[in-house]
Amino acid sequence: MEKPVIETRHISKRFDMTQALCDVSLDLYPGEVHALVGENGAGKSTLIKILTGIHRPDEGEILLDGKAVQIHNSQDAQALGIAAIYQEPMVFPDLNVAENIFISHQDRGKFVRWGKMYKDAEAVLAKLDVKLNVRSQARGLTLAAQQAVEIAKAISLQARVLIMDEPTASLSAHEVQQLFKLIRSLRSQGVSILFIGHRLEEVFEISDRITVLRDGMKISSKLRSEATTEGVIRDMVGREIKDFFLKGATKRGDLLMSVRNLSKAGVFRGISFDVYGGEVLGFAGLIGSRRTDVCLALFGIEPADSGEIIFEGKPQKIRSPQQALELGITYASEDRRKLGLTMPMSIASNISLPMLPRYMNVLGLIRRHEEIAAAEEFRRRLMIRAESVNVPVERLSGGNQQKVMLSKWLNANPKVLILDEPTRGIDVGAKAEVHHMINDLTDRGLAVILVSSDLPEVLAMSDRILVMREGRQMGIFEKAQATEETIMTAAMGQNHNVAEVAA
Amino acid sequence: MKRLLSMTSPERVRELILILLIVLVSLFFSSQIPNYFNARFFNRVSTSVAITAVIAIGQTLVFLTRNFDLSVGSIVGFTAYFVGQQLTRNNDIPPALAVLMAVGIGVVMGAINGVIISYGRVPSIITTIGTLAVYRTLLIEFSDAQTVLTAKLPKWVVDLPRVNIISFGDLDIRLVVGIMLLVVVIFQFVLTYLPFGRRLYAIGSNPEAARNAGFPSQQIVFIAFVLSGALSGLAGFLFLARFGNVTVVAGQGLEFASIAAIVVGGVSNNGGSGTVFGALLGAIMIDLLENSLIRWLAISEFWRDAILGMLILLAVASDKLVLSKLRSIWTRSELQITDETVVEKQEAEHHVAKA
Amino acid sequence: MLQKRNLFLNSLAKLKSWEGFLLFLLAVIFIINSQQTSAYLSVQNQINLFILSIEKIIVVLTMTFLIINAEIDLSAPSIMGLAACLMAWLYTQGVPLPLALAICLLVGVLCGLFNGLWIAYANLSSLVVTLAMLICYRGLARVFLEDKSIGGFPEWFNLLGQKPLIGPFPLAMIVFFVLLVIAVVILQYSGFGRHVFVIGNNAEVARYSGVRVKRVKMLLYVASGFVSALAGLLFAARLGAVRGDTALGFELDIITMVLLGGVSIFGGSGSLFGVFLSILIVLNLRNGMSLANLTGHLQTGVIGALLIFSVLAPNIFAQVRAAFRRRRVAAARDEAC
């Protein structure tokens with residue numbers, strides 16, 4: 001039996017009042033791809049940060065080749081042969097490919113020898129079978145190419161342990177396969193890879209071993225051959241998959257919105273669908289399928305170039321969010337922190353924001369009591385756990401923040417509510433509450449467009465499911481035809497003729 | 001076409017355009033001003049470029065890291081005055097010591113900026129607006145509103161601006177210009193060939209990645225400010241040599257001239273891109289404009305600042321609007337992974353090995 | 001020794017609000033100044049110290065809005081200078097003064113519009129744009145007056161700047177207090193003010209919530225241009241003469257007063273109460289220094305140091321608090337998981 005390259009033993013870590021990791025032991029063998037999975041907040045990122053020296057463990061130790069080591073900062077990690085690659089590649093856009101590979105090297109002499117550097121960079125890339133012009137600026141590289149540069153950098157630093165934190169999150173299906181090719185080639189060269197993934201099909205495709213974290217604890221660790229999808233999911237969520245809330249059948253209401261041949265150059269094209277009151281239209285597809293971009297076009301943030309949007313029988317050109325709001329279309333973004341809520345401001349001012357004119361008197365002053373009353377109403381209805389609506393949103397938990405965001409958009413009295421990944425990063429209980437709420441809304445005749453990468457969720461919640469792949473519509477499936485298999489095959493781009501089924 | 005593109009970069013193209021503009025501007029003025037090209041004019045422009053460019057190079061180092069140094073004008077003023085006063089009092093101070101004194105004061109003032117910005121985490125614009133006032137105040141308090149007079153300076157200082165290194169016919173390359181060219185060469189070398197220089201680019205290009213890569217960012221930014229101070233100190237000495245008379249307002253406005261020079265020269269205010277050569281071109285452009293406007297009788301010389309301001313704005317706007325378009329012409333590089341069979345073979349071997 | 005240090009840190013940590021600190025600072029300045037001369041506390045002296053800087057503090061109001069909105073207008077003092085110079089030039093060209101005043105206010109609006117266009121619609125950094133325009137507008141001001149000083153305006157204009165209008169207050173002071181009240185109402189109570197805060201916190205969230213971000217920015221720059229021009233004209237009226245360097249370098253005092261008032265340089269937070277306190281601090285400090293016979297230049301240096309301090313102090317403050325938190329967390333760590 002080979003010895004593990006790196007081991008963590010009984011690692012625990014606390015932040016303020018939350019226990020991020022508790023007694024986690026993990027090992028990584030040479031030439032192994034070890035997948036680490038778990039829901040958001042399970043402790044994956046904390047573990048990575050401990051391995052790369054950004055955080056120190058409160059308890060436990062890290063062993064490299066069987067010897068205890070201290071990792072104080074990223075230079076230490078680098079010296080020990082540990083490298084990490086993140087979802088958003090950390091390249092320097094103004095520097096060229098070769099320099100990006102070698103910028104962290106300490107041993108290349110007092111001066112930069114450009115000629116030698118280009119040659120060395122080409123050698124490193126050749127070793128990985130990657131073809132890239134080493135003189136081109138990193139600015140022009142695709143995300144996948146930037147990741148390849150980072151991998152090349154790690155390899156050139158003699159990394160023996162490569163940690164990849166959700167590297168596929170923003171890649172297209174084709175790019176994912178290229179990345180996997182790279183990973184396999186690294187593995188064959190004896191590099192150990194800790195692969196943090198969120199898409200199980202990928203995890204099963206690439207890894208040799210799968211470890212599940214939940215609430216900071218290690219739940220299971222199995223060889224791929226012994227693991228099953230259901231088992232892993234059970235370990236991740238701590239319950240059976242069929243616990244998913246099933247949307248009750250609702251009567252399809254009136255036609256609210258028809259979209260015909262919506263296109264935006266270089267982003268998406270030929271998107272056509274109808275939305276009826278009282279139904280949930282699911283948007284399925286892998287990341288990079290441009291579902292969010294379609295939503296942004298409907299909400300007027302990034303208007304489409306061509307195509308028709310017919311809202312309540314009238315053709316509309318939606319050029320701005322204000323216009324969408326007036327029509328009754330609202331969009332709750334997937335990125336709560338950056339696009340959804342102003343974190344330091346109160347619950348009440350977040351909820352009232354899109355509809356602020358409603359709370360203003362003739363002088364443009366805000367009628368605070370009405371604003372507070374409206375927010376209070378939502379706090380009761382959605383059971384937002386906070387002492388008062390004057391609390392800054394940043395002090396709430398993820399699930400409660402999500403509820404504030406839903407309140408913000410429900411307060412706008414939408415006819416069509418677009419929810420982009422509404423349950424990402426919130427706990428199981430809050431998830432169920434969100435699902436109940438969606439059901440509630442459609443009962444009242446609202447139309448909901450539900451964008452979700454969580455396939456079981458889309459299947460359970462939607463009346464119909466539109467599947468996208470790389471900016472194109474692959475088909476619309478009625479609930480009866482939609483299964484995990486049919487949706488996935490469409491999303492992966494096999495079997496084009498299914499597109500006809502829906503029409 | 002592709003080969004042509006690979007031989008150059010959008011940044012090079014930009015510099016070429018700037019050279020072309022400098023030529024066009026001088027051609028324009030030569031058509032307007034009789035006897036425009038003469039040796040005196042060349043010397044006047046070249047010595048004023050010498051001062052602007054030295055400061056602009058320091059400003060470039062700071063700009064590369066996404067910072068500003070607005071205190072350079074005050075540092076120039078203070079060092080010019082201080083060194084001038086010492087020389088007036090003691091005519092025997094050797095030239096080397098005088099230069100060292102100027103640079104030393106600049107280093108101290110730059111270090112104060114650097115500590116506050118880098119370690120105190122105060123935005124550079126705030127810090128240097130503050131020290132702009134503080135250093136100028138020091139000068140005024142120190143000088144008691146007296147003026148350094150040429151007459152009292154040692155002879156070598158007074159003669160310095162007229163010392164030639166080499167002459168081409170009527171055109172002289174003065175010593176101060178030589179010093180400036182030396183600074184250009186040194187810092188172009190630092191920025192291209194020293195790890196420190198490359199890290200200045202890296203920090204400005206992606207500060208978060210720089211932190212992640214474990215660069216001592218704080219220390220590097222600190223050094224950038226120290227160097228900016230040192231170069232301002234040197235410029236202060238050149239200022240003293242050029243004008244001889246130094247009043248308490250000496251060097252006022254040079255912070256703007258230096259920013260104008262480098263922004264026009266293509267140093268990005270978002271950090272990470274720009275060259276010393278570009279900064280030099282920018283300095284030539286604005287000093288050429290300034291000195292030509294003084295001689296152009298058609299409009300008042302007071303248009304100088306108005307034009308300077310518009311020039312900065314146009315440079316920034318054109319970078320934003322045009323350079324991004326220019327960049328998109330350079331092909332986007334797609335990831336290509338070749339030779340699948342090799343990988344698959346290795347893959348197979350890997351499995352065999354495991355079994 | 002160690003205990004003493006802890007006591008000091010504890011009392012620092014208790015002083016939670018910046019405004020509390022400003023009040024303390026103001027009290028200290030008051031006490032020191034009143035020790036110097038009994039005249040200091042007289043109503044006339046207090047009014048005088050306002051009048052001496054009244055034009056700056058009028059511009060402080062619009063600058064507060066801009067900095068909360070995560071932007072800045074370095075060109076404001078140049079717009080003040082441009083308005084004053086243009087007015088003087090128009091007057092020498094025989095344009096009736098009321099018309100000249102109106103034109104100058106309009107030019108202020110246009111300057112703001114020009115700034116706003118580049119910043120809101122071309123997405124250029126406000127720091128660079130307004131720095132460029134600081135130079136440009138000042139240059140234009142010099143183009144009009146070259147190196148001349150122009151005075152001899154009609155008597156009514158000078159009186160407007162110098163004579164008390166209502167009670168002991170001259171026009172500029174009334175303008176300031178009226179604008180202050182309007183600013184407080186808009187910033188703290190109106191929908192527009194809310195938008196200013198939201199954009200300052202996170203402009204993308206604002207855009208995704210249907211806020212017209214560009215229009216808000218544009219309005220703020222136009223307001224800044226208009227108010228700066230107004231302040232420049234009031235300055236001309238008070239001094240009775242205008243030069244090319246009128247209001248030169250005022251950005252130092254203006255930005256110091258805004259930042260010392262607790263407005264975050266990164267936008268999204270701050271209050272006019274804090275800014276008003278810091279105005280009082282800066283004015284009384286300057287007054288005190290004058291009483292102590294310190295020159296105007298030295299005062300400028302002190303203000304420069306104060307500017308750095310106003311940002312440096314909260315940073316140090318935050319680090320002290322973080323150190324305390326770490327200690328608390330360390331204590332909590334003993335609990336088992």
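This is a predicted model: local features need pLDDT of at least 70, side-chain atom pairs count only at pLDDT 80 or more; totals for chains, interfaces and linings use all residues.
How many Å separate the centres of domain 1 of chain A and domain 3 of chain A, taken over C-alpha atoms? I looked this up before anything else. The answer is 39 Å.

**Chain A, domains**

For the bounds I went to the domain assignment of chain A. It puts domain 1 at 6–242 and domain 3 at 336–412. Domain 2 comes in two pieces, 244–328 and 414–502.

**Chain A, a charged patch**

Next I went over the surface for charge. I found a patch of negative charge where A:Glu201, A:Glu230, A:Glu484 and A:Glu485 gather. A:Glu484 sits in helix α17 of chain A, which covers residues 484–492. Its relative accessible area is 37%, so I put A:Glu484 down as partly exposed.

I then checked for positive phi at residues other than glycine. A:Asp129 came up, with a phi of about 60°. A:Asp129 is in the loop between α4 (114–127) and β7 (130–131) of chain A. Is A:Asp129 buried or exposed? With 14% relative accessibility, A:Asp129 counts as buried, because the cut-off for buried is under 20%.

A:Asn261 came up too: not a glycine, yet its phi is positive at about 55°. This residue is in a strand, namely β12 of chain A, residues 255–264. A:Asn261 has a relative accessible area of 47%, so I noted it as partly exposed.

**Chain B, overview**

On to chain B. I counted up its secondary structure and got 15 helices and 3 strands. The C-alpha trace of chain B spans about 90 × 50 × 35 Å along its principal axes. Of the 355 residues in chain B, 57% are buried.

B:Asn38 and B:Ala213 are 175 residues apart along the chain, and their C-alpha atoms are separated by 53 Å. B:Asn38 itself is in the loop between α2 (10–32) and α3 (39–64) of chain B. At 25% relative accessibility, I have B:Asn38 as partly exposed.

**Chain B, a nonpolar patch**

Which helix gives the most to the nonpolar patch? I traced it to α2(B), with 8 residues.

With 36% relative accessibility, B:Phe277 counts as partly exposed.

**Chain B, an enclosed helix**

Last stop was α12 of chain B, residues 254–264. How many of its 11 residues are buried? I got 11 of the 11, so α12 is largely enclosed by the rest of the structure. Among the buried ones are B:Leu254, B:Phe256, B:Ile259 and B:Val263. B:Glu255 and B:Ser258 are buried in α12(B) too. Just after this helix I noted B:Gly266, which takes a positive phi of about 95°.

Terms used
Residues are numbered from 1 along each chain as its sequence is written. Chains are lettered from A and ligands numbered from 1 in the order in which they are written. Side-chain values use heavy atoms; hydrogens and water are left out. Buried means under 20% relative accessible area, exposed over 50%, partly exposed in between (1.4 Å probe, protein chains only). Helices (H or I, at least four residues) and strands (E, at least two) are DSSP runs, numbered from the N terminus. Domain bounds come from an automatic or database domain assignment. Patches are made of residues with over 30% relative accessible area and no salt bridge: like charges are joined within 9 Å, nonpolar side chains (Val, Leu, Ile, Met, Phe, Trp, Tyr) within 5 Å. Accessible areas come from the Shrake-Rupley method with a 1.4 Å probe; for residues, only the protein chains shown count as cover. A salt bridge is a side-chain nitrogen of Lys or Arg within 4 Å of a carboxyl oxygen of Asp or Glu. Lys and Arg count as positive and Asp and Glu as negative; His and the chain ends are not counted. The place of a charge is taken as NZ of Lys, CZ of Arg, CG of Asp or CD of Glu.
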